[in-house]
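Reader: I am new to this structure and would like to learn how to read it. Could you take me through it step by step?

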Amino acid sequence: MKRETEYFIVIAPPGPVCDYVKQLKNFCKRNIGSFYSAGSRAHISFGKFIDEENSPGQMSGIMRQCLHLMEKGISRIPPCNIMIDGFRFFDHGPRFKTIYAAVKLDEKTLDWFNAVGEQLLIDRDITPHITIARKIPVESFNVLWPHFKDLKFKESFS
């Protein structure tokens, strides 16, 4: 019996960034209660890939090959310094918003993300970010955003 498994391609920031994001998520939980992304670890997501496995827990040969080719292509791209600079939000219609730590997108950083996206066969624009509070109701956003809008968060990593 085939089973679908999702693989997420992410950049995991270093420990201090993850620790601070966890503190921010805990702040959010104390102020608005539990929310969907409250327990997720800090990451910058490129997207997900779905594999149909023949045996539970066994990656298919096609997925293994695909990931190997992606890894090979990405390894040829020189590393980039990623700068986190403050907070922004996404609108999800009139009822929901997402608060995130923003990646500063200068020309070099944008080119790097685009090059990695090409290797991953991503054919859509992405906004690199680290999610703090995902798709929360506008009422909860209105409680949290006054804290985040002027909060300083500057950190960089390769």
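Author: Contact means heavy atoms within 4.5 Å, and valine 116 touches Phe46, Ile74 and Ile77, leaving aside residues up to four places away in sequence. This is a predicted model, in which local features need pLDDT of at least 70 and side-chain atom pairs count only at pLDDT 80 or more, while totals for chains, interfaces and linings use all residues. Residues are numbered from 1 along each chain as its sequence is written, and side-chain values use heavy atoms, with hydrogens and water left out.

Reader: Where does valine 116 lie, and is valine 116 buried or exposed?

Author: Helices (H or I, at least four residues) and strands (E, at least two) are DSSP runs, numbered from the N terminus. Valine 116 lies in helix H3 (residues 107-119). Buried means under 20% relative accessible area, exposed over 50%, and partly exposed in between (1.4 Å probe, protein chains only). With a relative accessible area of 3%, valine 116 is buried.

Reader: Which residues touch the most other members of the largest nonpolar core?

Author: First the general idea: in soluble globular proteins, nonpolar side chains tend to be buried together. A nonpolar core is a set of buried Ala, Val, Leu, Ile, Met, Phe, Trp, Tyr and Cys residues joined through side-chain atoms within 4.5 Å. Here the largest such core has 39 residues, and Phe46, Ile99, Trp112, Ile132 and Phe148 touch the most other members. Helix H1 (residues 15-32) gives the largest share of this core, 5 residues. Not counting residues up to four places away in sequence, tryptophan 112 touches Ile11, Phe46, Ile77, Pro78, Pro79, Cys80 and Ile82.

Reader: How many aromatic pairs are found in the whole structure?

Author: A pair of aromatic rings is described by the distance of the centres and the angle of the planes. Rings of Phe, Tyr and Trp (its six-membered ring) pair if their centres lie within 6.5 Å; planes under 30 degrees apart count as stacked, over 60 as edge-to-face and the rest as tilted. The whole structure holds 10 aromatic pairs. One of them joins phenylalanine 87 and phenylalanine 148 edge-to-face, at 5.1 Å centre to centre and 70° between the planes. Phenylalanine 87 lies in strand E3 (residues 82-92) and phenylalanine 148 in helix H4 (residues 138-148), so this pair ties together parts that are 61 residues apart in sequence. Phenylalanine 87 is buried at 9% relative accessibility, and phenylalanine 148 is buried at 0%.

Reader: What kind of pair do phenylalanine 89 and tryptophan 145 form?

Author: Theirs is edge-to-face, with 5.1 Å centre to centre and 75° between the planes. Phenylalanine 89 in strand E3 and tryptophan 145 in helix H4 are 56 residues apart, and the pair links these distant parts of the chain. Phenylalanine 89 is partly exposed at 31% relative accessible area, whereas tryptophan 145 counts as buried at 16%.

Reader: And which residues lie nearest the centre of the largest pocket?

Author: They are His43, Ser45, His129, Thr131 and Arg134, among the 21 residues that line the largest pocket. On a 1 Å grid over the protein atoms alone, a pocket is an open set of points where a 1.4 Å probe fits, with protein on both sides within 12 Å along at least five of seven lines; lining residues have an atom within 4 Å of a point.
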